[in-house]
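User: I would like to learn how to read a few local features of a protein model, with the general idea stated before each case.

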Amino acid sequence: MTSTSRISGFRNLSIDERRERAVSAAGLEPHRLDVLSPDRGLSLDQADHMVENVIGVLGVPVGLATNFVVDGRDVLVPMATEEPSVVAAASNLARMTRDHGGFVTSSTAPLMQAQVQVVDVVDPEGARMRLLAAASELIELANAQDPALVAFGGGVRDISVRVIPSSRQTYVVLHLIVDVRDAMGANAVNTMAEAIAPRVAEIAGGRTLLRILTNKADLRITRVSAVFDRELLGGAEVVENMVDAAEFAVVDPYRAATHNKGIMNGITAVVLATGNDTRAVEAGAHSHAIGLDGRYTSMSRFEKDADGHLVGTLELPMPVGLVGGATKVHPVAQANVALLGAATADELAAVILAVGLAQNAAAVRALATEGIQRGHMSLHARNVAVSAGAAKEEVDAVVSRMIEAKAVRAEYAEQVLAEMRAPSGGVR
Ligand code: NAD
């Protein structure tokens, strides 16, 4: 268990010092994070076994978010992202929840669903009844495909059957509802769906077509809430403005898309860092963000508590695992999971939701106060300086010149560099 996630001055340490502080805080063996060095991470051989036609691997920065307390547990969160300001923003807002108990989560059982589509059925409603009546037989057949999952306490929990009219014909669609325990579960439920399909076709009196999980994982929900301190946020007026800024995303899909993108900045970074399937999580999250009126809306809600502090809540499907997929084979994903200290997929999902909420609150706060560009651009300016050719010792000077001139652009960075390097110039 991590002793504390509150490591002040973390950003001022060298990379080696940060790793040392992280492994010691998380109680890991001293060199557990060495695989995060580019030359020690995923090898070409390992990559070659993961996907097809491999020609290399891509490096993505992994930053450590500090200050998180999730369900009473201090946790240091590795985030894989190429976007500046994301890690700093999450850490900053997480700090503002600490005196109010951090992030509190709950979740449903890890239920994933597979769909079996049946076509050419003469009596769809009759077929539905026959399939439901055969539930025990179908469940037994599906469970027989994955004795390991059943041994771990998972397996099929139920089936449901939907009759779905379309412009072509009426489809009968069977859902297999499976407790996948600590797996993301796609392979597990797909195998089951394919195995039961012939029997489903026979019972329904039709032909099965698709047999695949649904990424609308709406039976596998994680919820998080946190209280962000009014004074640390900037006072009562900031809280009021944040609530209005967040409400804008509730009522307007154009704003909701960007608001939710901010949430996914946090979520996707942790999902990727742990080797989980970013597309599956994103598909599940966006398909969940539909209000009762059928409109795309905000994934989160913000309100004031009785003392004027900001209360944020977020509820999303979180189909992530610890045992399968890339998490099992990618050495950096394994080190990141160890750092997080998540013992179950549920615990991982809880941390991911907490980061999503912190990230969301950070963006809403920036937008409702000084605007997003100041913080974002000062960090982005470092990328611009480096891509313009600034050496390590030149970066700070180029960044401050660009910010001062409100010109965070490659050509301006090049001009500044040229001036600095001119014989009469020098680092200002
Ligand atoms: P998996 O098949 O590698 O691992 C799951 C299996 O691990 C289970 O079936 C079980 O037999 C075993 N297991 C051992 N210990 C377990 C435990 N404690 N809890 C649960 N199971 C345990 O992987 P998966 O999670 O079934 O599938 C995930 C992969 O499928 C991801 O890589 C994902 O990208 C990919 N995928 C996704 C989609 C999609 O999202 N549409 C479609 C196909 C494949």
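Analyst: Helices (H or I, at least four residues) and strands (E, at least two) are DSSP runs, numbered from the N terminus. With that convention, Ala109 sits in the loop between strand 3 (103-107) and strand 4 (111-119). This is a predicted model, in which local features need pLDDT of at least 70 and side-chain atom pairs count only at pLDDT 80 or more, while totals for chains, interfaces and linings use all residues. Residues are numbered from 1 along each chain as its sequence is written, and side-chain values use heavy atoms, with hydrogens and water left out.

User: Why does Ala109 count as partly exposed, and which residues does Ala109 touch?

Analyst: Buried means under 20% relative accessible area, exposed means over 50%, and partly exposed lies in between (1.4 Å probe, protein chains only). Ala109 counts as partly exposed because its relative accessibility is 36%. Contact means heavy atoms within 4.5 Å; leaving aside residues up to four places away in sequence, Ala109 touches Asp179, Leu219 and Arg220.

User: Where is Asn383 placed, and is Asn383 buried or partly exposed?

Analyst: Asn383 belongs to helix 15 (residues 373-387), and with a relative accessible area of 39% Asn383 is partly exposed.
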